[in-house]
Number of protein chains: 2
Amino acid sequence: MTLDLPKGRAPSIRDVARLAGVSHQTVSRVLNDHPSIRDSTKAKVLQVMEDLQYRPNRAARALSRGRSRTIGLLSAESAYGPASSIAAIQDAAREAGYYVNTANLTNVDPESIEAAIDHLMNQSVEGIVVIAPQVRVFDVLEQLSIEVPFVTLSSRGLLNDNSLSVDQMTGAREATRHLIDLGHRQIYHLAGPQDWIEAEARMRGFLDEMWDRDVPTMAPILGDWTADFGYHAGRELLRMRDFTAIFASNDQMALGFMHACREAGLVLPRDMSIVGFDDIPEAAHFWPPLTTVRQDFAELGRRCIALLLSSLGDGPPSARPEPIVPKLVVRGSTAPPPF
Amino acid sequence: MTLDLPKGRAPSIRDVARLAGVSHQTVSRVLNDHPSIRDSTKAKVLQVMEDLQYRPNRAARALSRGRSRTIGLLSAESAYGPASSIAAIQDAAREAGYYVNTANLTNVDPESIEAAIDHLMNQSVEGIVVIAPQVRVFDVLEQLSIEVPFVTLSSRGLLNDNSLSVDQMTGAREATRHLIDLGHRQIYHLAGPQDWIEAEARMRGFLDEMWDRDVPTMAPILGDWTADFGYHAGRELLRMRDFTAIFASNDQMALGFMHACREAGLVLPRDMSIVGFDDIPEAAHFWPPLTTVRQDFAELGRRCIALLLSSLGDGPPSARPEPIVPKLVVRGSTAPPPF
DNA sequence: TTCACAATTGTGACCGTGCACATACGACCA
DNA sequence: TGGTCGTATGTGCACGGTCACAATTGTGAA
């Protein structure tokens, strides 16, 4: 006495209801774990669902509830760090029953940013996570007056204060202090691109520490995060050997700089001390192994979702979270100055 | 004479219709670029949409059309390569008017894989892209009998033949040939994890080339892609200096191996030749700069979406695409053997 | 038994859009 | 003048869930 089903169409709660001999509303209740359903009824319905390979239709649910359970992720194609936060974000969101829709940003001109946000808004995302740490992106976001809660992964107390970050300044200060403590007095800083928030914070940390310790500073070099840049900058800088240490704003640039040093015949770390930032997994195997600052990107990603969910009214009303403090990892690329 | 709108609710086509003095269906036609609409009518409707900041409701659209315009991306947390394909996939999909939903795979046990696929299916994705090149993932996929078209990024002609890949074998053969041509006869292969399809293909390429050139092979070392592994494996291998060259299955392991070489007092490339695979952006700045095999991951990602879209009936019926051929990049980490 | 009340289940409308079909309008031809 | 056709627009319902509310059943106390 099997009733047959409309073929070519996925089964709906009404199909399930008919076969289970209940009303569609009862099926809906089973789906949503409504408290007052007789166990026997529930079992029967679940059995039919199983038989029919029933899957709730997300669009219908979103439509009738007015909630999409989707989070948008705006990410700028970029370095190691963000990439490892992204996985954490997706995992955390999924665990909380949300879907994640990603939009990539290849350019940071206002049009692209707006287009990407638009793309996300068009799918009725309930919240947005922004991992695009360029200053410019934030400026655009600020003007866009986005209608949904959003969280940014960077350290500027702007907008709705929903921003999270690693405490870049402290990390940079530690790195700088380490060099000063070793006895270095001529220290360059290989900074990240001017318009990156992280780059700015690291540079500030460097400058502040130098200032506090009364060490005369040399103008930072503005780079672009790549190993290539570190290499070329190194070639330039090493013409005048007027420094004994360098603090690079990320590990890639540090690597490129090391390359330039070896090419110039320097022995590391005897002739030159180098500190990086990020602690990418390869840093321990550079030659010499790189002294750097470790950040916990995964933790950052998880907190990010926690914060967003609390904005959405889901999850605990997370207190304004403290920034994650990064940690200096001393390896073989730093030593006292040669004289 | 502005009619006011229900507040607290986003405007719908009916709201637009009312204000524009037309029927909701006319508004729908404007949205979908229906050919027979008077220009004046269309302009009027568009104006009202603009005024109201109207956004079509995606859920409603998906429900009524029965299409979600969403693609699922199943990705295994992994190395450099896939990461750079992902951005390309997302861009290409967005350009084609699709949304991308990502599910990460942290474990590759069958339950996790099934859960991830389930997560994607639950949002009514129309197709799935799989970037999870472990053999196991494919085995599970094969058994799961997924109801939507899907494309995989790897070189096994299985399932619906919708798989794309870089021709790993050819790349590996070229790398190996390069070492043999330099005069090396004792060559180790530092392979990737057994269960990765790429790892297998590269190992096969290595073995085939060695065989064809009548060079006796030594058993490959099975690694885990990390620089750490390359380092530790290197320490072991270098106890017996019974080889003059090594072909590592990715650049990270090559880096770790170089670390071990220097620690053992070897001068590179004089005492040891090393070839990697992938050409990550940092490889040119290793010490010495790494000879490696370059793959175009972005192109791979783009083709991937093209293939999936054609399965979905969108886009041109792309002919079965040829695999992308990687290219050997010779740098400073290879030289003739010492004797 | 009978009533109050809680537990369980059913009914119908609604969410916002697209589809099938009906209708109105104008042009053109016989 | 009437009929035919093509363009432009309107009407009503379906999509698959959820919500508010109504109806039914079961349980214990009076």
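The following legends describe close-up views of a predicted model.

**View 1. Surface of the protein around DNA strand D.** DNA strand D is surrounded by 31 residues, the closest being A:Gln25, A:Ser28, B:Thr26, B:Arg29 and B:Thr41. At least two residues of this surface come from each of α1 (13-20), α2 (24-31) and α4 (58-65) of chain A, and likewise from each of α2 (24-31) and α4 (58-65) of chain B. The most is given by α4(A), with 5 residues.

**View 2. Side chains of chain A at DNA strand D.** An N or O atom in the side chain of A:Gln25 is 2.6 Å from a base nitrogen of DNA strand D.

**View 3. Aromatic pair of B:Phe243 and B:Phe257.** The two rings form a tilted pair, 6.3 Å centre to centre and with 50° between the planes. B:Phe243 lies in the loop between α10 (227-237) and β7 (245-248) of chain B, whereas B:Phe257 belongs to helix α11 (residues 251-263) of chain B, so the pair ties together parts 14 residues apart in sequence. Both B:Phe243 and B:Phe257 are buried.

**View 4. Aromatic pair of B:Phe247 and B:Phe277.** The ring centres are 6.3 Å apart and the planes stand at 40°, so this pair is tilted. Distant parts of the chain are linked here: B:Phe247 is in strand β7 of chain B, and B:Phe277, 30 residues apart from it, is in the loop between β8 (273-275) and β9 (292-294) of chain B. B:Phe247 is buried, with a relative accessible area of 0%, and B:Phe277 also counts as buried at 0% relative accessibility.

**View 5. Charged ends over the rings of A:Tyr98 and B:Tyr98.** In chain A, the charged end of A:Arg69 sits over the ring of A:Tyr98, 4.6 Å from its centre. In chain B, the ring of B:Tyr98 has the charged end of B:Arg69 over it, 4.6 Å from the ring centre.

**View 6. The largest nonpolar core.** This core has 56 residues, and those with the most contacts inside it are A:Ile274 and B:Ile274. Among the residues that B:Ile274 touches are B:Ile246, B:Ala254, B:Phe257, B:Met258 and B:Leu290. Apart from this core lies another, of 23 residues, including A:Ala76, A:Leu120, A:Ala132 and A:Ile197.

Technical notes. Residues numbered from 1 in each chain as written. Chains lettered and ligands numbered in written order. Predicted model: local features only at pLDDT ≥ 70, side-chain atom pairs only at ≥ 80, totals over all residues. Heavy atoms only, no water. Phe/Tyr/Trp six-rings, centres within 6.5 Å; stacked < 30°, edge-to-face > 60°. Helix = DSSP H or I, 4+ residues; strand = E, 2+ residues; numbered from the N terminus. Buried < 20%, exposed > 50% of the residue type's maximum accessible area, 1.4 Å probe, protein only. Lys NZ or Arg CZ within 6 Å of the ring centre and 35° of its normal. Core = buried A, V, L, I, M, F, W, Y, C linked by side-chain atoms within 4.5 Å. Contact = heavy atoms within 4.5 Å. Near = heavy atom within 4 Å. Polar contact = N/O pair within 3.5 Å; in protein donor to acceptor, adjacent residues only side chain to side chain. Lists of a residue's contacts leave out its neighbours within four places in sequence.
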